[in-house]
Amino acid sequence: MTSRTPIPPEPAVALREILAFDDSGTLRLLLAPGGQDVGVRAVAVGDEGPAQPLDGCLVLVVGVPAASAGAAGPVREAARRGACGVVLRDAEGTAAAPEVLAAAEESGIALLTRAEWADWTDTAALLRSALACARAGRGEEEAAVPDGGAESLAALAAAIAEYTGGSITIEDTRFRVLAHSATGPEADGLRRSTILGGRVPDWRVAELRRSGMLRALWTSRDVIHRAADADGPERLVVAVRSGPEVLGSIWAAADGRGLSPRAADALRRGAEAAAPHLVRHRLRESGAAGRSELALRGLLYGEGDARTHAWSLGLSPDAACAVVVAERDFGAPAGDRTLDVLALQAVSYRPSVRVLRDGDRLLVLLPVDTGQERDVLGLARELAALALSLPTGVPVRAGAGPVAATALRARSSCEEAALIVRVLRERADRGGETGGDGEARRGGETDRHGRADRARYADAAGVGPSLDVVRVLDAVRPVWESGSGPVHDLVRADLAAGGELVRSLAAYLEASGDVARAAARLMVHPNTLRYRLRRARERFGVDLDDPDTRLLITLAVRLTG
């Protein structure tokens, strides 16, 4: 029997070093009874299980805010299990509860709070990146660079350039250059314009999107090769990630010389070393990003002052704009990141695009210049197609709202785009995914799983009168729900029994009274359908020859699904 060599614990990092790494204002130290040199070995979430040891851990207490006296219990429990500190959620303008401060003081445990605009995922990423960066700075990781923000990334870019034999740029997900290696006289025009402009030119981003290079970059975890062509030299690129989250990318260009045989491996190691610094870069912007998200939500949902929201987003209140809504189909598997990839694609569509993730829905605000009106439908088409091409293949339906004359009317475009998505979904539920727009009728196409890819995107013209029908149904719903009479009695009683009669009436009315066609759709004999219609008349007194009754039944069927 052989004994397993125990894995030594990670070296501790002083709390002081972690706080110095956070230049975004995410963390605030309230109390440190043991001083700021207390050692932190790992990050843990407070609800990961009572049996888990917390020796040397900084514990994220997700459940209760610092202002709640109920947080005192988790603080004491974390200390009892060996934690060196806890992080609680802060509430702007609200002080920590005295009971919580007393619990930390008595337990000798450091007490920190997380800024209200940050979330726990970002906070955990920040803390883990701070630990990794501090340990790397002690020479425990290859290709590590000293701490120091932009200077660290610049040093990393220079180190990767030396290992790869190429010219390096490190970019964020908006293709802004965060750092680059020295540019020699052999550098191609694209590299020069990228570095001088501080970001990848728009035409280049559009080309990468059309070629599928961006799709591969955001979804792959390996180095991607791009052969030399007339537009530039050979290039390698790898995405920089923190877990599943894409933070940016590192590009290596063979400017005037061939790339080293070990270039791909150097890029992989460089991406690992860059991750902590890109996390910090992202969190440095999180405060502004949080405020921008609130402004975008207010503009699209009509909350607060629209003019103020527009200025906060860097938009002129008088600028024309449109909204695209992309909604994921129900039943997506846990952990599906389809909308995250679509958000990256939307942002790359144009620098002025703003994106809001709201549950299973993505809302894209697109400023529109004269002559760019069809770009709105084009973006909807692109998002719907990209969703089906991803490895998970979770379908998305995208609605292109009308162009609003000013940003102050973005809410109306957003509402119509959401209604278009609803029409597409209801058509699919009824088995009739066809649109009025030729572009929205692609009945012969299927995705890679063989599923029909019809009418997954549209604008108002693509859904035709169905858009107004949805508005009418929403308006009459309160009237129907408060009403009574034979049709109400029939619908309520039959739905309680399974809805067979309601489905039969729906098929009959949709077939314009053609019994044979309706029976074929229901897959029953025509005489069976005639019997059901007769039963509706005899049992409930519903006269299908009366046009008002037919209209009311049609509305009732649509309102009850």
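Contact here means heavy atoms within 4.5 Å of each other. Keep that in mind for the tour, and remember that what you have open is a predicted model.

**Stop 1: helix H3**

Select residues 98-107, which make up helix H3. What covers its buried residues? The buried residues themselves are Val 100, Ala 103 and Ala 104. Now turn the view until you look down the axis of H3: the buried residues fall within an arc of 95°, so they line one face of the helix.

Next, color Pro 98 and Glu 106. Both are exposed, and they sit on the face of H3 turned away from its buried side. Before you leave, click on Gly 108, which follows H3 and has a positive phi, near 70°.

**Stop 2: the whole protein**

Zoom out and show everything as a cartoon. You're looking at 21 helices and 17 strands. The protein has 561 residues, and 48% of them count as buried. How much of the contact comes from residues 24 or more positions apart? Taking the contacts with a separation of 6 or more, such residues account for 65%.

**Stop 3: helices H18 and H21**

Now select residues 500-510 for H18 and 547-560 for H21. These two helices pack with their axes 10 Å apart, at an angle of about 120°. That angle makes H18 oblique to H21. As for handedness, their crossing is left-handed.

From H18, pick Val 502, Leu 505, Ala 506 and Leu 509; from H21, pick Arg 550, Ile 553, Thr 554 and Val 557. Sorted by class, this contact has six nonpolar residues, one polar and one charged.

**Stop 4: Asn 527**

Is Asn 527 buried, exposed or partly exposed? Its relative accessibility is 48%, so Asn 527 counts as partly exposed; the cut-off for exposed is over 50%. Asn 527 and Ala 516 lie 9.1 Å apart in space, while eleven residues separate them in sequence.

How values were computed
Residues are numbered from 1 along each chain as its sequence is written. This is a predicted model: local features need pLDDT of at least 70, side-chain atom pairs count only at pLDDT 80 or more; totals for chains, interfaces and linings use all residues. Side-chain values use heavy atoms; hydrogens and water are left out. Axes are lines fitted to C-alpha atoms, for helices over the stretch in contact, and angles run from 0 to 180 degrees between N-to-C directions. Helices (H or I, at least four residues) and strands (E, at least two) are DSSP runs, numbered from the N terminus. Angles under 35 degrees count as roughly parallel, over 145 as roughly antiparallel, 65 to 115 as roughly perpendicular and the rest as oblique. A crossing is left-handed if the near helix is turned anticlockwise from the far one by less than a right angle, and right-handed if clockwise. Ala, Val, Leu, Ile, Met, Phe, Trp, Tyr, Cys and Pro count as nonpolar, Asp, Glu, Lys and Arg as charged, and the others, Gly among them, as polar. Buried means under 20% relative accessible area, exposed over 50%, partly exposed in between (1.4 Å probe, protein chains only). The arc is that of the directions from the helix axis to the C-beta atoms.
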